[in-house]
Amino acid sequence: MPKEFVRSVLDLTPEKLHDLGIKGIITDLDNTLVEWDRANATAELEQWLASMKAAGINVIIASNNNEERVKKFAEPINLPYLFRAKKPLLGAFKSALQQLDLKPQEVMMLGDQMLTDMMGANRMKMHTILVKPVANSDGMVTKFNRAIERRVYKYLAKKGIPTWEEQ
């Protein structure tokens with residue numbers, strides 16, 4: 001489970017992250033920052049990334065996607081990245097922490113999937129925020145994960161635990 005749910009990465013402010021003691025962000029790419037089939041960052045996302053940088057919050061992408069996809073997105077906006085991250089395995093999380101030169105409790109994982117992004121980051125004891133997927137369509141593996149997530153959301157609703165669906 002994530003620690004928090006948000007509708008969009010744009011809802012997160014440097015002030016909120018500083019209040020949480022966050023100095024770095026590991027973020028997923030597809031359906032977290034932009035739609036899985038969008039090649040480039042939006043102007044709003046670029047502004048958000050600039051606000052994080054200005055506040056001293058470093059951002060790195062950790063994506064399970066291939067190098068070509070991640071590099072094409074990350075290089076034009078000067079973001080470090082890890083591709084074929086194999087989340088929820090811990091290797092990419094450890095590598096990202098090393099590149100950020102931060103401790104797990106100083107870093108937030110931002111992603112759109114419980115079974116990859118949240119599971120791995122929770123195992124590392126990071127602050128986790130699940131974002132509402134930017135697009136309504138997914139690749140085949142993600143479709144399987146979403147089916148499991150829908151069952152989790154139903155369980156949470158029965159327990160009265162709010163998610164971004166209720167916000």
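## Basis

The model is predicted: local features need pLDDT of at least 70, side-chain atom pairs count only at pLDDT 80 or more, and totals for chains, interfaces and linings use all residues. Residues are numbered from 1 along each chain as its sequence is written, and side-chain values use heavy atoms, with hydrogens and water left out.

Helices (H or I, at least four residues) and strands (E, at least two) are DSSP runs, numbered from the N terminus.

Strands count as paired if DSSP finds at least two bridges between them. β2 (residues 24-27) runs parallel to β3 and is joined to it by four bridges; glycine 24 has asparagine 58 of β3 as its bridge partner. β3 also pairs with β4 in the parallel sense, over two bridges, and here isoleucine 61 is partnered by tyrosine 81 of β4.

β3 takes part in a right-handed β-α-β unit with β2 and helix α2 (residues 43-54), and in a right-handed β-α-β unit with α3 and β4. A crossover is right-handed if, with the strands pointing away from the viewer, the path from the first strand over the helix to the second runs clockwise.

## Two loop residues

Serine 63 lies in the loop between β3 (58-62) and α3 (67-74). Serine 63 is buried, at 2% relative accessible area. Beyond its neighbours within four places in sequence, serine 63 has contacts (heavy atoms within 4.5 Å) with residues including Asp28, Asp30, Val70, Phe83 and Lys87.

Proline 80 sits in the loop between α3 and β4 (81-82). Its relative accessibility is 37%, which counts as partly exposed (between the buried limit of 20% and the exposed limit of 50%). Neighbours within four places aside, proline 80 is in contact with Val59, Ile60, Ile61 and Gln99. Proline 80 and alanine 62 are 18 residues apart in sequence, with a C-alpha to C-alpha distance of 9.0 Å.

## Helix α4

The buried residues of α4 (residues 91-100) are Ala92, Phe93, Ala96, Leu97 and Leu100. Seen down the helix axis, they fall within an arc of 140°, so they line one face of α4; the arc is that of the directions from the axis to the C-beta atoms. These buried residues pack against β2, β3, β4, β5 (107-111) and α5 (114-123).

The face turned away from the buried side carries the exposed (over 50%) residues Gly91 and Gln98. Aspartate 101 follows α4 and has a positive phi, near 60°.

How values were computed:
Buried < 20%, exposed > 50% of the residue type's maximum accessible area, 1.4 Å probe, protein only.
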